[in-house]
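Here is a briefing on one helix and on the salt bridges of a structure. Please read it with the coordinates open.

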Amino acid sequence: MSTGKIEQISVVGAGILGHSIAQRFASEGFNVNLYDSSKVNLLKAKNNIFNNLISLSKSNLLKSTPTSIFKKINFFEGLSRAVADSNLVIEAVTEDLELKKIVLQQIESAVCDECIIASNSSSIIPSEYNSELKIKSRVLGTHFFNPPHLLPLVELIYSHCTSNYVKSEMESLFTNMGMHPIVVYKESPGFIGNRLQFALLKEAISIVQEGISTPQDIDIVVKYGFGRRLSIMGPFEVFDYGGWDTIEAVYPNIIGDPVPQEILEKVSQGKLGVKTGEGFYKWDPINLNKKQKLINDVYTYLEKKVSKQ
Ligand SMILES: NC(=O)c1ccc[n+]([C@@H]2O[C@H](COP(=O)([O-])OP(=O)(O)OC[C@H]3O[C@@H](n4cnc5c(N)ncnc54)[C@H](O)[C@@H]3O)[C@@H](O)[C@H]2O)c1
């Protein structure tokens, strides 16, 4: 469990991700220092956070008043002062390895030895940016999903140097904030979420290049079709519903490769998914009823909210 040592957090880089990460921590009661090398972007971040908080408050989605949350964030125009007293610094500057390396070294030279340093990236692994840092054991990667103040997932990426203390502090921190910290077992560019998203993007672009569809129609297929499932089911749940025997038959026709061992095994064991009571998940009648109710509720809600726009 967390020893609760993390109280003061700094975010370096106040762009699309940085301002929203700062807002999420402030909303959970942490003191946050937000710094950006661009005064214009820092001002934009300030306005965005304020407007987000007002809008969330109107929907009753805040634990306290917008003003009290806003006051938890201090905006800085100098890096050293912004990070000096923090227990955790999250670097969220532009996705550029060389820039991240420089900024992380600047952070390292301004914080105490106990401070945990995270780099928020969409694809870069810790072993790439920690090479020139003196204390590698306190360094990890985070991957928040845009916008972090609304999406409760963060991937945690450790190098072989990251200490058990840092791992446990970070996992507890996010769990206590009601988020889902998912540990990526091996350093792999794009981690989990972006490997999946970019596989979809690669296919979407191929479909356009092959003249099969347009970007606009592809978006409709995702939004009004299988995208609706993905908010409440991951791919393994989706195809537990579809039936692994059917997927076994379909797979080579679409992918062109042999059916993977993981699918062949399920079929040979008779674990076809919902229809046999087990696939990658166990589907007893209670689980199934709960899931079905969620599916009914979410699909109906989305149909009302999205389809009319
Ligand atoms: N945008 C997304 O959807 C998304 C999602 C997940 C992760 N990320 C990752 O988060 C990181 C930040 O992405 P973003 O979308 O917020 O980028 P962004 O371009 O919106 O913001 C980057 C900010 O960093 C600032 N910056 C640049 N150099 C700096 C320096 N030396 N010191 C301090 N600030 C500096 C810029 O002024 C800018 O405000 C990237 O690594 C990105 O891959 C982005």
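Helix 2 covers residues 39-58, and its 20 residues should span 28 Å at 1.5 Å a residue. Its end C-alpha atoms lie 29 Å apart, which agrees. The expected span is 1.5 Å times one less than the number of residues. Helices (H or I, at least four residues) and strands (E, at least two) are DSSP runs, numbered from the N terminus.

This is a predicted model: local features need pLDDT of at least 70, side-chain atom pairs count only at pLDDT 80 or more, and totals for chains, interfaces and linings use all residues. Residues are numbered from 1 along each chain as its sequence is written, and side-chain values use heavy atoms, with hydrogens and water left out.

- Leu 42, Ala 45, Ile 49, Asn 52, Leu 53 and Leu 56 are the buried residues of helix 2. They sit on the same side of the helix, because their arc around the axis is only 100 degrees. The arc is taken from the directions from the helix axis to the C-beta atoms.
- Buried means under 20% relative accessible area, exposed over 50%, and partly exposed in between (1.4 Å probe, protein chains only).
- Lys 39, Val 40, Leu 43 and Lys 58 are exposed on the face turned away from the buried side of helix 2.
- The cover over the buried residues of helix 2 includes helix 1 (16-27), strand 2 (31-35), helix 3 (66-71) and strand 3 (73-76). Contact here means heavy atoms within 4.5 Å.
- Asn 60 follows helix 2 and has a positive phi, near 55 degrees.

**Salt bridges**

- A salt bridge is a side-chain nitrogen of Lys or Arg within 4 Å of a carboxyl oxygen of Asp or Glu. The count by this rule is eleven.
- Lys 100 and Glu 91 pair at 2.7 Å, N to O. Lys 100 is buried at 0% relative accessible area. Glu 91 is also buried, at 0%.
- Glu 132 and Lys 101 form a salt bridge at 3.8 Å, N to O. Glu 132 is in the loop between helix 6 (126-129) and strand 6 (139-144), while Lys 101 is in helix 5 (residues 97-110), 31 residues apart. Lys 101 is buried at 14%.
- Asp 245 bridges to Lys 275, with the closest N and O atoms 3.0 Å apart. Asp 245 lies in helix 11 (residues 244-255) and Lys 275 in the loop between helix 12 (261-268) and helix 13 (285-306), so the pair ties together parts 30 residues apart in sequence. Asp 245 is partly exposed at 28%, whereas Lys 275 is exposed at 51%.
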